[in-house]
Amino acid sequence: MGNWREHAALAGSIREGVRSMAGSVGPLVLAAVGIARRYEAHVTPADRKRRGQFFTPPAIAAFMAAQFPEVPSTARILDPGAGVGILTAAVCDRVLAQSGPRRVHATLYENDAAVLPYLTETMEECERHLTAHGHDFTFTICGESFILHNENAVRPQQSLFTSAQDRRFDLVIMNPPYFKLNRGDPQVAVMEPIVHGQPNVYALFMAMGAALLDEGGQMVAITPRSYCSGPYFRSFRQWFFARMQPRSIHVFGSRTEAFQEDDVLQENIILTCERTAAYPKTVRVTRSEGRAVAGGVDASEIPYSQVIDNRHQQAIIRIPEHGADSDIVRHVEGWSGTFSGLGFSISTGPVVSFRARHALRDVSGPSQAVAPLLWLHNVRPFSVTWPLAARGKAQGIEVSDRTANILLPAKNYILLRRFSAKEERRRMTAGLLFASSVPHDRLGIENHLNYVYRKGGELSEDEMFGLTGLFNSALIDRYFRSISGNTQVNATEIRTMPMPPLDRIVAIGRSLKAQSTFQPLEVERIVLDELGINGPLASSLIDACR
């Protein structure tokens with residue numbers, strides 16, 4: 001979620017943002033933003049955070065409404081989690097810009113009673129403007145839970161398909177709330193056939209929106225990217241993309257700028273999709289650094305088969321962001337091997353610091369009673385430094401019967417960071433840890449790290465250098481960003497990752513071992529040379545390392 005700024009400073013920065021964007025958004029969005037600011041003056045940022053309530057910035061709202069090719073002459077709009085109605089206001093601005101009268105009915109769900117008067121005010125403003133311009137606009141505001149109020153739409157006895165009567169909307173536009181639900185939450189019980197476990201509420205909103213959309217209807221949703229891959233959202237992806245086909249995906253180069261006033265650290269995307277069984281030939285992928293979408297975006301048409309990958313029944317959504325990314329995906333997925341198929345294993349560090357707090361120790365020197373404990377900050381490209389002081393990060397862990405199940409034997413490992421800092425250029429950071437450098441026969445690896453090893457064996461030095469070179473290369477970093485919907489590196493995604501033949505990995509390792517330093521440019525050249533990658537693709541990857 002990120003940290004929250006002081007409310008006064010927050011309101012001031014938002015007002016400046018609204019003034020600077022006044023030329024790129026319509027009058028109804030600007031009116032809605034003004035109404036939102038009056039609401040925010042009466043609530044604390046902590047209250048909004050608790051509700052997962054992040055209002056859509058005006059330029060992004062206008063961009064989302066523009067993803068609909070047009071508003072039909074008779075349009076039924078659904079806006080779940082409506083807040084003060086900024087997104088519906090953006091659609092109404094689209095209506096004002098189109099020729100010919102429109103008959104529009106908007107259904108808006110918002111279960112925060114404190115917001116409802118402000119939402120009503122926004123809709124009345126939309127009604128006045130559209131009526132004055134010859135359109136017919138009506139609205140219904142529902143103060144109930146969006147999921148619980150529509151539970152009949154996804155009852156198992158209806159085979160998860162709604163009836164024609166239930167599918168009553170032509171356009172769905174949403175910026176759903178974002179927070180995890182407990183398994184005992186009634187909303188989870190309603191959606192259990194679609195989203196399993198302890199889901200994030202935004203995925204429930206997307207699924208219910210799809211269930212209520214009429215055939216040929218369209219949805220535009222701004223959400224975190226995390227549903228695009230990984231086992232956590234697999235059931236949701238399989239259900240959703242059996243009914244909804246992507247038409248366009250917009251990505252933001254910055255994790256923070258889209259919702260910068262709320263200090264949200266999250267990779268967001270805007271998905272535009274249509275309810276149909278017919279696959280499109282291509283998916284349009286657009287990109288902006290942040291919310292400055294009105295000034296033009298980078299765009300490319302990507303073959304559908306390169307966006308939806310269902311080879312392993314995972315329905316992974318891949319999003320090549322740059323022109324060369326499609327070439328990278330094709331090249332890497334042309335490799336015949338996989339990480340697991342080559343005999344490599346990867347697991348997540350078993351030491352969860354708050355659970356093992358009783359066993360954490362400061363380190364003043366080698367001791368058989370205390371083993372090294374490695375954290376995220378200990379790992380840099382090609383290196384693992386221990387001990388390395390960091391505030392609140394004990395560098396040792398007690399060796400005893402009560403820690404036996406979370407300590408690992410001292411072996412050759414590659415340590416892979418699961419998380420990257422927002423200022424880092426690379427998602428993938430891998431360091432070398434040799435058994436000979438560990439001053440103990442056991443060690444602890446904290447839960448924010450993954451570790452690579454050979455099950456029942458030992459990684460050779462050539463294999464270690466070769467794999468670490470691949471993980472730290474721009475080639476694999478760009479590939480991983482294209483296939484992964486998470487801000488973290490998940491072990492599951494690494495296990496199925498394509499890999500070049502083992503002899504090529506070993507050749508990379510031998511070449512890297514001869515280096516005295518591991519500058520990104522030289523590492524990239526060695527990786528590309530040993531893999532036989534040249535031409536424009538190689539040039540673009542080398543340029544990325546300069």
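Glu 121 is partly exposed, because its relative accessibility is 30%. Here, buried means under 20% relative accessible area and exposed means over 50%, with partly exposed in between (1.4 Å probe, protein chains only). The model is predicted: local features require pLDDT of at least 70, side-chain atom pairs count only at pLDDT 80 or more, and totals for chains, interfaces and linings use all residues. Residues are numbered from 1 along each chain as its sequence is written, and side-chain values use heavy atoms, with hydrogens and water left out.

Glu 121 has a charged partner. Arg 38 forms a salt bridge with Glu 121, and the closest N and O atoms are 2.5 Å apart. Arg 38 belongs to helix α2 and Glu 121 to helix α6 (residues 116-132), so this pair ties together parts 83 residues apart in sequence. Helices (H or I, at least four residues) and strands (E, at least two) are DSSP runs, numbered from the N terminus. Arg 38 is also partly exposed, because its relative accessibility is 38%. A salt bridge is defined as a side-chain nitrogen of Lys or Arg within 4 Å of a carboxyl oxygen of Asp or Glu. By this rule the count is 24 salt bridges. Side chains of opposite charge can pair when their charged atoms come close.

Helix α2 holds a further pair. Arg 37 forms a salt bridge with Glu 40, with 3.2 Å between the closest N and O atoms. These two residues are three apart in helix α2 (residues 27-40), so about one helical turn separates them. Arg 37 and Glu 40 are both buried.

Another salt bridge joins Arg 510 to Asp 462, where the closest N and O atoms are 3.2 Å apart. This pair links distant parts of the chain, with Arg 510 in helix α16 (residues 502-513) and Asp 462 in helix α13 (residues 461-471), 48 residues apart. Arg 510 is exposed, because its relative accessible area is 55%. Asp 462 is buried, because its relative accessibility is 14%. Through shared partners, salt bridges join Glu 461, Asp 462, Arg 510 and Lys 513 into one network.

Four strands form an open sheet with antiparallel pairing, in the order β13-β23-β20-β21. The edges are β13 (345-348) and β21 (430-433); each has a single partner strand, so one side of each lacks a neighbour in the sheet. The twist averages 25° from one strand to the next. Angles run from 0 to 180 degrees between N-to-C directions, with axes being lines fitted to C-alpha atoms. Strands pair if DSSP finds at least two bridges between them. Four bridges join β13 to β23 (residues 449-453), and these strands run antiparallel. Thr 348 stands opposite Asn 450 in β23.

The whole structure contains 20 aromatic pairs. One of them is Phe 146 with Phe 205, a tilted pair with 5.1 Å centre to centre and 45° between the planes. Phe 146 lies in helix α7 (residues 146-149) and Phe 205 in helix α9 (residues 201-211), so the pair ties together parts 59 residues apart in sequence. Rings of Phe, Tyr and Trp (its six-membered ring) pair if their centres lie within 6.5 Å; planes under 30 degrees apart count as stacked, over 60 as edge-to-face and the rest as tilted. Phe 146 is buried, because its relative accessible area is 3%. Phe 205 is buried, because its relative accessibility is 6%. Elsewhere, ring pairs link Tyr 178, Tyr 202, Tyr 227, Tyr 232, Phe 233, Phe 236, Phe 240 and Phe 241 into a cluster.
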